[in-house]
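Here is a short walk through one protein model and the ligand it holds. Keep the sequence and the 3D view side by side as you read.

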Amino acid sequence: MTSSIPAPLGLLGGTFDPVHLGHLRLAIELRETLDLAEVRLLPSAQTHLRDVARASAAQRETMLEATLADCVDAGLGLDRRELTRGGVSYTFDTLEAVRNELGVRPLCFLVGVDAWNALPQWHRWRELLDLAHFVIASRPGVTLVRHAETETAWTADPAALRRRPAGHVLACAIPLLPISSTDIRARVAAGRCIDGLVSPAVAAFIARARLYGAG
Ligand code: ATP
Ligand code: MG
(Lines give C-alpha, C1' and ligand atoms only; values in the text may rest on other atoms or scores of the structure.)
(Ligands and ions follow the chains in the order given, each with its own letter.)
Protein backbone atom coordinates (compact mmCIF):
# COMPACT_ATOMS: atom_id res chain seq x y z
CA MET A 1 0.00 0.00 0.00
CA THR A 2 1.87 3.05 -1.23
CA SER A 3 -0.50 5.39 0.60
CA SER A 4 0.88 4.26 3.96
CA ILE A 5 4.45 5.27 3.12
CA PRO A 6 5.34 8.53 4.92
CA ALA A 7 6.45 11.60 2.95
CA PRO A 8 10.12 11.56 1.93
CA LEU A 9 12.87 13.18 3.97
CA GLY A 10 15.50 15.29 2.16
CA LEU A 11 19.15 15.60 3.14
CA LEU A 12 21.51 18.26 1.76
CA GLY A 13 25.13 17.43 2.50
CA GLY A 14 27.95 19.93 2.22
CA THR A 15 30.81 21.64 3.97
CA PHE A 16 28.81 24.87 4.36
CA ASP A 17 31.97 26.96 4.74
CA PRO A 18 29.99 29.19 4.96
CA VAL A 19 26.32 28.31 4.40
CA HIS A 20 24.91 30.72 1.80
CA LEU A 21 21.60 31.65 0.20
CA GLY A 22 22.25 29.29 -2.73
CA HIS A 23 22.14 26.38 -0.27
CA LEU A 24 18.91 27.64 1.29
CA ARG A 25 17.19 28.20 -2.04
CA LEU A 26 18.26 24.75 -3.27
CA ALA A 27 16.77 23.13 -0.14
CA ILE A 28 13.57 25.18 -0.27
CA GLU A 29 12.94 24.81 -4.02
CA LEU A 30 13.44 21.04 -3.89
CA ARG A 31 11.34 20.63 -0.76
CA GLU A 32 8.46 22.45 -2.43
CA THR A 33 8.87 20.86 -5.86
CA LEU A 34 9.02 17.30 -4.47
CA ASP A 35 6.75 17.89 -1.47
CA LEU A 36 9.37 16.60 0.96
CA ALA A 37 8.38 16.50 4.62
CA GLU A 38 11.60 18.26 5.62
CA VAL A 39 15.07 19.01 4.27
CA ARG A 40 17.91 18.64 6.77
CA LEU A 41 21.20 20.38 6.09
CA LEU A 42 24.00 17.91 6.81
CA PRO A 43 27.40 19.53 7.46
CA SER A 44 30.41 17.26 7.00
CA ALA A 45 33.14 17.12 9.65
CA GLN A 46 36.14 19.36 9.08
CA THR A 47 38.28 18.22 6.19
CA HIS A 48 40.66 21.18 6.03
CA LEU A 49 42.05 21.13 9.57
CA ARG A 50 45.32 22.76 8.67
CA ASP A 51 43.84 25.48 6.52
CA VAL A 52 43.48 28.61 8.63
CA ALA A 53 41.42 30.22 5.86
CA ARG A 54 38.57 27.87 6.75
CA ALA A 55 36.02 27.90 9.54
CA SER A 56 36.08 25.24 12.25
CA ALA A 57 33.32 22.66 12.55
CA ALA A 58 31.89 24.57 15.51
CA GLN A 59 31.89 27.84 13.54
CA ARG A 60 30.20 26.21 10.54
CA GLU A 61 27.59 24.76 12.88
CA THR A 62 27.01 28.19 14.48
CA MET A 63 26.49 29.78 11.04
CA LEU A 64 24.04 27.04 10.04
CA GLU A 65 22.08 27.51 13.27
CA ALA A 66 22.02 31.29 12.71
CA THR A 67 20.78 31.04 9.13
CA LEU A 68 18.16 28.40 10.00
CA ALA A 69 16.84 30.56 12.84
CA ASP A 70 15.74 33.03 10.14
CA CYS A 71 13.90 30.33 8.14
CA VAL A 72 11.28 29.24 10.65
CA ASP A 73 8.56 28.13 8.23
CA ALA A 74 10.75 26.76 5.45
CA GLY A 75 10.67 23.12 6.58
CA LEU A 76 14.43 23.05 7.03
CA GLY A 77 16.42 21.37 9.80
CA LEU A 78 19.98 20.54 10.80
CA ASP A 79 21.49 17.05 11.04
CA ARG A 80 24.64 17.15 13.16
CA ARG A 81 25.59 13.49 12.94
CA GLU A 82 28.70 13.93 10.75
CA LEU A 83 30.03 16.64 13.08
CA THR A 84 29.38 14.42 16.08
CA ARG A 85 31.00 11.42 14.42
CA GLY A 86 34.12 13.44 13.47
CA GLY A 87 36.86 12.18 11.17
CA VAL A 88 36.29 11.91 7.44
CA SER A 89 32.57 12.07 6.64
CA TYR A 90 31.55 9.30 4.30
CA THR A 91 28.09 9.78 2.86
CA PHE A 92 27.75 6.01 2.75
CA ASP A 93 28.07 5.73 6.56
CA THR A 94 25.61 8.56 7.04
CA LEU A 95 22.98 7.24 4.66
CA GLU A 96 23.29 3.78 6.18
CA ALA A 97 22.62 5.21 9.65
CA VAL A 98 19.71 7.37 8.44
CA ARG A 99 18.24 4.44 6.52
CA ASN A 100 18.26 2.34 9.71
CA GLU A 101 16.30 5.08 11.47
CA LEU A 102 13.78 5.61 8.66
CA GLY A 103 12.73 2.07 7.89
CA VAL A 104 10.95 2.15 4.50
CA ARG A 105 10.39 5.91 4.46
CA PRO A 106 11.78 7.42 1.25
CA LEU A 107 15.03 9.36 1.62
CA CYS A 108 16.21 11.89 -0.96
CA PHE A 109 19.84 12.97 -1.00
CA LEU A 110 19.94 16.38 -2.69
CA VAL A 111 22.97 17.46 -4.67
CA GLY A 112 23.99 20.25 -7.00
CA VAL A 113 25.05 19.14 -10.45
CA ASP A 114 28.74 19.68 -9.58
CA ALA A 115 28.50 17.28 -6.65
CA TRP A 116 26.60 14.72 -8.72
CA ASN A 117 29.14 14.79 -11.53
CA ALA A 118 31.92 13.98 -9.01
CA LEU A 119 29.96 11.07 -7.48
CA PRO A 120 32.31 8.29 -8.73
CA GLN A 121 34.99 9.72 -6.41
CA TRP A 122 32.81 9.04 -3.36
CA HIS A 123 33.44 6.10 -1.04
CA ARG A 124 31.23 3.08 -2.00
CA TRP A 125 29.28 5.31 -4.38
CA ARG A 126 27.59 2.47 -6.26
CA GLU A 127 25.88 1.39 -3.02
CA LEU A 128 24.47 4.82 -2.20
CA LEU A 129 21.39 4.27 -4.36
CA ASP A 130 20.49 1.24 -2.23
CA LEU A 131 20.08 3.66 0.67
CA ALA A 132 18.55 6.82 -0.86
CA HIS A 133 17.26 8.47 -4.00
CA PHE A 134 19.47 11.12 -5.55
CA VAL A 135 17.89 14.39 -6.62
CA ILE A 136 20.09 16.61 -8.74
CA ALA A 137 19.49 20.33 -8.95
CA SER A 138 20.46 20.90 -12.56
CA ARG A 139 21.07 24.08 -14.43
CA PRO A 140 20.42 24.66 -18.12
CA GLY A 141 23.81 24.87 -19.80
CA VAL A 142 25.63 22.85 -17.12
CA THR A 143 26.41 19.36 -18.38
CA LEU A 144 24.90 16.62 -16.27
CA VAL A 145 26.94 13.40 -16.32
CA ARG A 146 24.78 10.28 -16.54
CA HIS A 147 27.18 7.82 -14.88
CA ALA A 148 26.65 4.57 -16.80
CA GLU A 149 26.18 2.52 -13.62
CA THR A 150 23.12 4.63 -12.71
CA GLU A 151 21.39 4.27 -16.08
CA THR A 152 18.51 2.07 -14.87
CA ALA A 153 17.85 4.27 -11.84
CA TRP A 154 16.82 7.44 -13.71
CA THR A 155 13.24 8.65 -13.59
CA ALA A 156 11.53 11.81 -14.78
CA ASP A 157 8.54 11.31 -12.47
CA PRO A 158 8.80 12.96 -9.01
CA ALA A 159 5.98 10.69 -7.74
CA ALA A 160 8.28 7.69 -8.22
CA LEU A 161 10.37 8.95 -5.28
CA ARG A 162 7.39 8.46 -2.97
CA ARG A 163 6.72 4.88 -4.01
CA ARG A 164 9.97 3.30 -2.84
CA PRO A 165 12.55 4.09 -0.16
CA ALA A 166 15.60 4.48 -2.43
CA GLY A 167 17.05 3.72 -5.83
CA HIS A 168 15.96 6.51 -8.19
CA VAL A 169 17.87 9.41 -9.72
CA LEU A 170 15.90 12.50 -10.71
CA ALA A 171 17.17 15.73 -12.21
CA CYS A 172 15.18 18.82 -11.28
CA ALA A 173 15.65 22.04 -13.25
CA ILE A 174 15.20 24.62 -10.52
CA PRO A 175 16.46 28.19 -10.54
CA LEU A 176 19.91 28.21 -8.94
CA LEU A 177 21.64 31.27 -7.55
CA PRO A 178 25.17 31.86 -8.83
CA ILE A 179 26.68 31.76 -5.33
CA SER A 180 29.44 29.54 -3.93
CA SER A 181 31.26 29.34 -0.61
CA THR A 182 34.58 29.57 -2.48
CA ASP A 183 33.54 32.90 -3.99
CA ILE A 184 32.31 34.17 -0.60
CA ARG A 185 35.62 33.28 1.11
CA ALA A 186 37.52 35.08 -1.65
CA ARG A 187 35.33 38.17 -1.32
CA VAL A 188 35.82 38.29 2.44
CA ALA A 189 39.60 37.90 2.05
CA ALA A 190 39.58 40.77 -0.44
CA GLY A 191 37.64 42.99 1.97
CA ARG A 192 34.53 43.00 -0.21
CA CYS A 193 30.92 43.04 0.98
CA ILE A 194 29.00 39.73 1.11
CA ASP A 195 25.55 41.12 1.94
CA GLY A 196 22.91 39.46 -0.25
CA LEU A 197 24.98 36.27 -0.59
CA VAL A 198 24.56 35.01 2.98
CA SER A 199 21.94 35.77 5.62
CA PRO A 200 22.60 38.89 7.73
CA ALA A 201 23.33 36.77 10.82
CA VAL A 202 25.99 34.80 8.92
CA ALA A 203 27.59 37.98 7.56
CA ALA A 204 27.71 39.39 11.09
CA PHE A 205 29.25 36.20 12.47
CA ILE A 206 31.95 36.13 9.78
CA ALA A 207 32.90 39.73 10.59
CA ARG A 208 32.83 39.18 14.36
CA ALA A 209 34.85 35.94 14.29
CA ARG A 210 37.17 37.35 11.61
CA LEU A 211 36.69 34.30 9.44
CA TYR A 212 38.27 33.88 6.00
CA GLY A 213 40.67 36.75 6.60
CA ALA A 214 37.94 39.30 7.45
CA GLY A 215 39.20 42.76 8.42
P1 ATP B 1 32.65 25.40 -2.03
O2 ATP B 1 32.77 26.51 -3.03
O3 ATP B 1 33.48 25.57 -0.79
O4 ATP B 1 32.76 24.02 -2.64
P5 ATP B 1 29.77 25.32 -2.22
O6 ATP B 1 29.15 26.66 -2.39
O7 ATP B 1 29.91 24.44 -3.42
O8 ATP B 1 31.15 25.49 -1.46
P9 ATP B 1 29.14 23.06 -0.62
O10 ATP B 1 29.01 23.05 0.85
O11 ATP B 1 30.36 22.48 -1.25
O12 ATP B 1 28.96 24.58 -1.10
O13 ATP B 1 27.87 22.44 -1.34
C14 ATP B 1 26.88 21.69 -0.73
C15 ATP B 1 25.85 21.31 -1.78
O16 ATP B 1 25.17 22.49 -2.24
C17 ATP B 1 26.45 20.66 -3.04
O18 ATP B 1 25.57 19.62 -3.46
C19 ATP B 1 26.47 21.79 -4.04
O20 ATP B 1 26.36 21.32 -5.37
C21 ATP B 1 25.24 22.59 -3.65
N22 ATP B 1 25.32 24.01 -3.98
C23 ATP B 1 26.30 24.86 -3.64
N24 ATP B 1 26.05 26.10 -4.10
C25 ATP B 1 24.86 26.03 -4.74
C26 ATP B 1 24.03 26.98 -5.42
N27 ATP B 1 24.39 28.25 -5.57
N28 ATP B 1 22.88 26.55 -5.92
C29 ATP B 1 22.52 25.26 -5.77
N30 ATP B 1 23.25 24.32 -5.17
C31 ATP B 1 24.40 24.69 -4.65
MG1 MG C 1 31.23 22.70 -3.31
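The paragraphs below take up a pair of helices, then the ligand, then a few places in the loops.

This is a predicted model. Begin with two helices. Helix α2 covers residues 57–69, and helix α8 covers residues 200–208. Two packed helices are described by the angle between their axes and the distance between the axes. Here the axes come within 8 Å and cross at roughly 150 degrees. Angles over 145 degrees count as roughly antiparallel, and α2 and α8 are therefore roughly antiparallel to each other. The crossing of α2 past α8 is right-handed.

Which residues make the contact between α2 and α8? From α2 come Gln59, Thr62, Met63, Ala66 and Thr67. From α8 come Ala201, Val202, Phe205 and Ile206. Sorted by class, this contact has six nonpolar residues, three polar ones and no charged ones.

Now turn to ligand 1. There are 20 residues around ligand 1. Those that come nearest are Asp114, Leu177, Ile179, Ser181 and Thr182. Look next at individual polar atoms. Histidine 20 has a polar side-chain atom 2.8 Å from an oxygen atom of ligand 1. Glycine 112 has a polar backbone atom 3.0 Å from an oxygen atom of the ligand. Isoleucine 179, one of the nearest residues, places a polar backbone atom 2.8 Å from a nitrogen atom of ligand 1.

The loops come next. Most residues other than glycine have a negative phi, and most peptide bonds are trans. Two places in this model depart from that. Proline 18 sits in the loop between β1 (9–14) and α1. A cis peptide bond joins aspartate 17 to proline 18, with omega about 5 degrees. Arginine 124 lies in the loop between α5 (113–117) and β5 (133–138). Its phi is positive, near 50 degrees.

Last, find aspartate 35. What does aspartate 35 touch, not counting residues up to four places away in sequence? Its partners are Ala7, Pro8, Leu30 and Arg162. Aspartate 35 belongs to the loop between α1 (21–34) and β2 (38–43). Its C-alpha atom is separated by 23 Å from that of leucine 144, a residue 109 residues apart from aspartate 35 along the chain.

Key
Residues are numbered from 1 along each chain as its sequence is written. Chains are lettered from A and ligands numbered from 1 in the order in which they are written. This is a predicted model: local features need pLDDT of at least 70, side-chain atom pairs count only at pLDDT 80 or more; totals for chains, interfaces and linings use all residues. Side-chain values use heavy atoms; hydrogens and water are left out. Axes are lines fitted to C-alpha atoms, for helices over the stretch in contact, and angles run from 0 to 180 degrees between N-to-C directions. Helices (H or I, at least four residues) and strands (E, at least two) are DSSP runs, numbered from the N terminus. Angles under 35 degrees count as roughly parallel, over 145 as roughly antiparallel, 65 to 115 as roughly perpendicular and the rest as oblique. A crossing is left-handed if the near helix is turned anticlockwise from the far one by less than a right angle, and right-handed if clockwise. Contact means heavy atoms within 4.5 Å. Ala, Val, Leu, Ile, Met, Phe, Trp, Tyr, Cys and Pro count as nonpolar, Asp, Glu, Lys and Arg as charged, and the others, Gly among them, as polar. A residue is near a molecule or strand if one of its heavy atoms lies within 4 Å of it. A polar contact is a pair of N or O atoms within 3.5 Å; within protein, one must be able to donate a hydrogen and the other to accept it, and residues adjacent in sequence count only if both atoms are side-chain atoms.
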